[in-house]
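I opened this entry to record what I looked up in the structure, one topic at a time.

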Amino acid sequence: MNKDAGNTTADIGSEKKKSQVLEVWKRLCRNKTAVLGLIIVIMLVLIGIFAPIVFDYDTQVIKTDYANTLQGPSAQHPFGTDEMGRDILIRVLYGTSTSLSIGVITVIISLAIGLVLGSASGYFGGRVDMVIMRIMDIFLAIPGTLLAICIVASLGNSITNLIIAMAVSSVPKFARVVRGAVMPVRDAEYVEAARAIGAKDSTIIFHDVLPNSLAPIIVQTTLEVASVILSIAGLSFLGLGIPAPRPEWGAMLSSARTYIRDYSYMCLFPGLAIMITILSLNLLGDGLRDALDPRLR
């Protein structure tokens with residue numbers, strides 16, 4: 001009898017979660033700009049997945065062809081060629097994989113650390129909150145790009161060091177967002193009930209508190225991917241990002257600025273790739289924020 005009642009309660013909870021997700025999806029679909037952002041993001045993800053499969057890195061992406069240098073857009077090379085005769089379209093498409101993968105990996109690392117720090121700060125409060133937040137304030141007092149430049153300059157120019165630099169600069173943002181989301185939930189009745197039956201703090205945080213604080217975290221994650229991609233492009237433009245010859249949009253802009261007067265297409269297409277990616281992620285993030293806002297339910 002009790003077993004049947006428990007199964008019924010679990011089924012009711014599962015159905016309630018499904019209905020909530022469906023309602024959020026419906027609200028998101030009503031936002032045309034968010035849908036447009038989602039479609040573009042899906043297309044970019046597909047390009048990022050299949051570009052390394054379709055194009056050979058050694059022969060099509062980085063191989064020089066000095067017989068075809070600085071050719072304008074044509075049927076053979078829709079985006080033209082660069083100063084080394086490499087096809088800009090292929091490099092832009094391949095750069096999608098580079099930018100998205102580094103952006104997503106960076107955000108996953110910073111989100112994981114920010115979840116631990118922010119949830120501990122918001123849940124326990126007191127001295128724990130004060131110590132964690134003051135450390136985060138120190139990092140927030142330093143501009144993120146400047147902090148990343150210092151870390152990359154200290155550790156050396158590599159993809160791993162770039163991910164570390166960007167993750168360190170992103171952790172304080174996630175920690176603050178998670179803390180703000182956890183604090184209103186920590187005193188809820190179901191959390192008090194979990195404490196009353198002797199549940200561990202770690203269990204309460206990860207099973208009860210965080211699942212009910214996901215809305216702002218999801219939005220921040222989407223927006224932070226855009227911010228990280230833009231920062232990576234900026235660092236690569238300064239020569240501190242993705243090492244050559246691997247294609248990356250910021251690095252392509254940096255190498256093309258010398259030719260911008262006579263061969264503006266070399267800057268146009270990598271710049272458009274950055275703009276479209278950041279715009280689509282921001283549109284999706286704004287749409288998610290509206291769809292997940294409980295005041296709109």
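I looked up Phe124 and found that Phe124 is partly exposed, with a relative accessible area of 43%. The model is predicted, and I read its values as computed. Tyr123 is buried, at a relative accessible area of 6%. I counted Tyr123 as buried because 6% falls under the 20% cut-off.

I then checked the rings. The structure holds 5 aromatic pairs. One of them joins Tyr123 and Phe124, with 5.1 Å centre to centre and 85 degrees between the planes. I noted this pair as edge-to-face because its angle is over 60 degrees.

I looked at Tyr259 and Tyr263 next. They form an aromatic pair that is edge-to-face, with centres 6.4 Å apart and planes at 65 degrees. Tyr259 is partly exposed at 26% relative accessibility, and Tyr263 is partly exposed with a relative accessible area of 26%. Tyr259, Tyr263 and Tyr265 make up one aromatic cluster.

I also looked for a charge over a ring. The charged end of Arg257 sits over the ring of Phe237, 4.8 Å from the ring centre.

Next entry: helices. I listed 12 helices and 0 strands in the protein. How do helix 10 and helix 12 pack, and at what angle? Helix 10 covers residues 214-237 and helix 12 covers residues 265-292; they pack at an angle of about 170 degrees, with axes 8 Å apart. I wrote down helix 10 as roughly antiparallel to helix 12, because the angle is over 145 degrees.

I listed the residues where these two helices meet. On the helix 10 side they include Ile218, Val219, Leu223, Ile229 and Leu230. On the helix 12 side they include Ile274, Ile278, Leu281, Leu288 and Arg289.

I searched for disulfides. How many does the whole structure have? The search finds 0 disulfides.

Last entry: the protein as a whole. Its C-alpha atoms fill a box of roughly 80 × 40 × 30 Å along the principal axes. Of its 297 residues, 41% count as buried. Among contacts between residues at least 6 apart in sequence, I noted that 71% join residues at least 24 apart.

Key: Residues numbered from 1 in each chain as written. Predicted model: local features only at pLDDT ≥ 70, side-chain atom pairs only at ≥ 80, totals over all residues. Heavy atoms only, no water. Disulfide = S-S within 2.5 Å. Phe/Tyr/Trp six-rings, centres within 6.5 Å; stacked < 30°, edge-to-face > 60°. Buried < 20%, exposed > 50% of the residue type's maximum accessible area, 1.4 Å probe, protein only. Lys NZ or Arg CZ within 6 Å of the ring centre and 35° of its normal. Axes fitted to C-alpha atoms, helices over the stretch in contact; angles between N-to-C directions. Helix = DSSP H or I, 4+ residues; strand = E, 2+ residues; numbered from the N terminus. Parallel < 35°, antiparallel > 145°, perpendicular 65-115°, else oblique. Contact = heavy atoms within 4.5 Å.
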